[in-house]
Amino acid sequence: MNRRLSELLPWYANGTLKAEDREWVDRCLAADGDARAELEWYRTLQSTIAQSVSGVPPDLGLARTLQRIRAERPRLRDRIRGWLGAVGRGPVAALARPIAAIAAVGVIAVQGGVIYSFARHGQEDAQPIRALRVLPADERPLLRVNFAPDAKEADIRLLLSAVEGSLVGGPGQLGDYYVRVPAGAENAAANRLKHDRIVAAVEIVPGLPTTY
Amino acid sequence: MDDAKARELLGRIARQDETAFEAIYKAFSARVFAYALNMLREPHRAEEVLMDTMHEVWRGAARFRGDSLFSTWLIGIARNKALLVYRDRRADELHDDLDDIAETEVDELAPEGFAELAAKQRREGVQACMRKLSQEHRECLHLVFYQGCSLADVAQVQGVPENTVKTRLYHARHRIRNCLRLMIEREGADSGAN
């Protein structure tokens with residue numbers, strides 16, 4: 001058997017030979033009994049090697065690998081915080097800063113007005129002391145949502161997008177997220193969310209709590 | 001699973017899609033395990049290499065440049081993982097690679113000998129003779145006859161020129177053939193003595 005044929009036969013046997021070489025080997029095999037016998041030997045070797053590791057379940061080690069992957073994944077709460085944090089560093093934040101300053105001045109003015117009103121009417125001792133809270137101008141019912149522990153950030157974004165929702169608060173100590181949807185769409189959105197597999201619980205609430 | 005499908009799944013894995021990861025894991029786990037077992041010869045270590053390799057696929061899916069088959073890239077990762085384990089082993093665990101039986105020279109087989117060998121060799125015999133080969137030779141045979149790699153793929157995985165692969169393959173098949181030949185002769189002698 002010539003050297004070239006000897007070199008090409010293993011690749012012929014495993015099916016990776018280029019077409020022109022394959023044709024050449026085919027012609028040699030037709031005329032060379034030794035080469036056919038050697039090819040048969042390779043094919044037997046191939047099948048015995050394949051049998052030597054047969055019966056391996058395809059999910060061997062899969063559960064442990066997934067466990068490892070999930071353990072490394074940042075907790076959902078941290079990712080959402082990072083996401084919100086990123087928003088706070090972007091161009092939107094630059095625009096929001098003067099607005100926040102104006103709002104702060106407004107809050108001081110309101111607080112001043114309330115204090116002045118109490119002092120003027122002498123009612124400060126009769127009224128319970130309540131913490132004043134900045135109310136968003138368009139405050140309306142929100143959805144309080146708890147996501148499943150294995151919910152992915154991408155899935156959450158998609159789901160919120162599907163209900164035209166935006167995250168306005170959270171996560172709270174209990175993993176509560178507050179979502180604003182278009183006015184009047186709260187019930188439909190809540191219904192849509194509660195049937196999604198990544199949502200553990202959803203409830204319509206009057207607005208953001210003072211602490212959460 | 002063909003290469004196009006594997007690439008599509010890999011793109012999804014890069015976006016952290018666990019379903020795609022499970023699909024690719026199940027499609028390629030047997031091949032990775034077989035490769036690692038061939039290198040290390042210990043099922044529990046081979047399983048560790050399989051898991052490490054697939055974990056690396058999850059973490060590094062975006063690094064696949066697409067200039068080779070996915071399976072070649074995957075075996076390349078498995079090779080690095082297996083070599084780490086291999087090098088960590090105690091030196092005395094490696095000595096049987098140099099077992100003299102594979103090095104023993106016998107006369108080249110007569111033409112009809114190939115057919116005889118093909119008829120007589122058994123799975124255990126092939127496995128035993130594979131174990132006697134050096135790590136490079138065993139890996140080369142495995143890549144060609146189990147993984148179905150092309151010459152270029154074997155060269156890429158082993159990190160050597162194609163001519164080196166040809167030389168390794170020549171010596172590997174020569175030695176395994178000698179080993180099987182000796183085994184058959186001994187069996188014949190044993191049965192003759194009985």
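User: Which residues of H1(B) are buried?
Analyst: This is a predicted model, where local features need pLDDT of at least 70, side-chain atom pairs count only at pLDDT 80 or more, and totals for chains, interfaces and linings use all residues. Residues are numbered from 1 along each chain as written, with chains lettered from A and ligands numbered from 1 in written order. Buried means 20 or more other C-beta atoms, placed from the backbone, within 10 Å of the residue's own. In H1(B), that holds for B:Ala6, B:Leu9, B:Leu10 and B:Ile13.

User: Why are they on the same side of H1(B)?
Analyst: The arc is taken from the directions from the helix axis to the C-beta atoms. They share a side of H1(B) because the arc they cover is only 105 degrees.

User: How far does helix H1 of chain B reach from its first C-alpha to its last?
Analyst: H1 spans residues 3-14, twelve residues. Expected span is 1.5 Å times one less than the number of residues, here 16 Å. The reach is close to that, at 16 Å.

User: Are H2(B) and H3(B) parallel or oblique to each other?
Analyst: Their axes, lines fitted to C-alpha atoms over the stretch in contact, come within 8 Å and cross at roughly 140 degrees. Angles run from 0 to 180 degrees between N-to-C directions. Under 35 counts as roughly parallel, over 145 as roughly antiparallel, 65 to 115 as roughly perpendicular, the rest as oblique. H2(B) and H3(B) are therefore oblique.

User: How many helices does chain B have?
Analyst: Helices are DSSP runs (H or I, at least four residues), and strands are E runs of at least two. Chain B has zero strands, and its helices come to ten.

Methods: A residue is buried if 20 or more other C-beta atoms lie within 10 Å of its own, exposed if 12 or fewer, and partly exposed in between; C-beta atoms are placed from the backbone.
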